[in-house]
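Please read it alongside the coordinates.

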Amino acid sequence: MDIRFYNTLTRRVEVFQPVTPGVVRMYHCGPTVYDYAHIGNFRSFLLGDLLRRFFEFVGFRVDQVMNITDVGHMTEDDRADGGGQDKMELAAQRLKQAKKQGAADVDNPDDPYRVAQFFIEAFLEDAKLLGMKVADEYPQQMPRATENVNRMIEQIGRLIEAGHAYLTDVGAVYYDVASFPDYGKLSGNTDLAQLNAGAGGRVLDEHQQGKRHPADFLLWKHDEKHLMKWDSPWGVGYPGWHIECSAMALGTLGVDTLDIHTGGEDNIFPHHECEIAQATGATGKPFANYWLHARHLFVEGEKMSKSKGNFHTLRDLMQRGVDPAVLRFALLGAPYRQNANFTFKGLEDAEKQVRRLRGIAPPAPQGAGVQMGDSAVERAFADALADDLNISAALGELNKWMGAVHTSTADDAAIVQRIDGVLGVLHAHQSAKPPAAEGPGDAELDALCRQMHQARMNKDYAESDAIRDQLTAAGIEVQISKDRVTWRRKMKLD
Ligand SMILES: [Zn+2]
């Protein structure tokens, strides 16, 4: 089977050839734990999960790593703009506020490590609910930046030795972009003079004195007063943001060249450009052979923002009764290379699809990777995904097949269970149910449905309608069949 991906590095669709046959080594830029991750972040993270499950489906062994950024950074832009605040400090303030309002319980919000731990736990909880397999492998495959500073220091040392980095008088180590001819190749920002012009109007602050080129980026900052600080050959201080990914990717995967590196399209420049310069500058080898980037997620056609109130997290959506598996399906169902539009209507469609799959097969254990069987639909499903992860076509094949399944057999159920090794939606999460306090409890609903069925049997339609109205008002949908009435909580959507 030929697997093809659009490679941001070459701007072409290319046949995938792993460094080691039968093995895929990949790295994904993971969460910054200054806040809860939102659904736009998860769209990008789920690209990594879909890749992993697809590769396992077609028989590869997958080594997957996703980092956790738990160092409180201030970006160069923040600094240059004169303002700027350490992100972990901001997170601590947010958490203190939430604690006051009783919304978060953290024992010591003044300790940046406790704040990071709080948001890491929240992230892992969300990621597991959304079926991200790498979250089950924390901390081995989800390394924390704060626990890998030694790897970063080592890589910075190699860059200085190789002449790709220099130390300034104020104790900062910068990457010398002019020393790396390929800088800009990934993003297309190949004209350094252009980057120069772009940053030319900006007055460098005291921290940036001694920078040789405005596009040079920070690798280490000497700063005794920083919230989180470590010892280094260049004084007590903290690492730049970009260095953590190249150091953790190579360190955790144990190779010089990865097969695949992914992230959101926002990461292409400068972050991924800097990662390439650091890794290749240190090893002299290509860093990653294929670069895949998830495009933006819009919400109801608009950019997501806290001020517009369309900034959704998994926990917010679950409070409205959304099943995480349904959200997963909705986020995965949009091809990664197109802007996706999250809508509540789309969520309802996803819910129907997931219900249809669950109607054919119960969930199966998925500890190890699930490999495809030899049914025609599985082959068609895999072939579609092999074409640059064409999930629309893959789901189209699945739907075509499901349309022809009338009474599902054990074989059909097994097919759906194997395909679910990729989709990961059969398992419904218990807490997807809205809290019982918000409406009638399950036992009460069962009783009302029995009463309604009895009324219909007695041809007492006034009574039956009255019960139905009562249930509808409580957000419950009823399904009437010849021999019973069943209930279902409607997702609470606007
Ligand atoms: Zn990264």
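Leaving aside its neighbours within four places in sequence, with which residues is R144 in contact?

1. Basis of the note. The model is a predicted one, in which local features need pLDDT of at least 70, side-chain atom pairs count only at pLDDT 80 or more, and totals for chains, interfaces and linings use all residues. Residue numbers start from 1 along each chain, as its sequence is written.

2. Surroundings of R144. Apart from neighbours within four places in sequence, R144 is in contact with I68, D70 and P139, a contact being two C-beta atoms, placed from the backbone, within 7 Å. R144 belongs to the loop between α4 (112-129) and α5 (149-161); helices (H or I, at least four residues) and strands (E, at least two) are DSSP runs numbered from the N terminus. Because R144 has 22 C-beta neighbours inside 10 Å, it counts as buried; the criterion is 20 or more other C-beta atoms within 10 Å of its own, with 12 or fewer for exposed and partly exposed in between.

3. The four-stranded sheet. An open sheet is formed by 4 strands in the order β4-β3-β9-β10, with parallel pairing; pairing requires at least two DSSP bridges between two strands. β4 (61-66) and β10 (288-294) are the edge strands, each with a single partner, so one side of each lacks a neighbour in the sheet. On average, neighbouring strands are turned by 20° against each other, direction ignored.

4. Pairing and packing on the sheet. Strands β3 (residues 23-28) and β9 (residues 258-264) pair in the parallel sense over 3 bridges, and Y27 stands opposite H261 in β9. Helix α1 (residues 39-57) packs on the sheet, touching β3, β4, β9 and β10, and its direction makes about 165° with that of β4. Helix α7 (residues 241-253) also packs there, touching β3, β4 and β9, at about 145° to the direction of β4.

5. The α10/α11 contact. The axes of α10 (residues 324-332) and α11 (residues 344-360) come within 8 Å and cross at roughly 110°; axes are lines fitted to C-alpha atoms, for helices over the stretch in contact, and angles run from 0 to 180 degrees between N-to-C directions. The two helices are therefore roughly perpendicular (65 to 115 degrees; under 35 is roughly parallel, over 145 roughly antiparallel, the rest oblique). Residues making the contact include F329 of α10 and L347 of α11.
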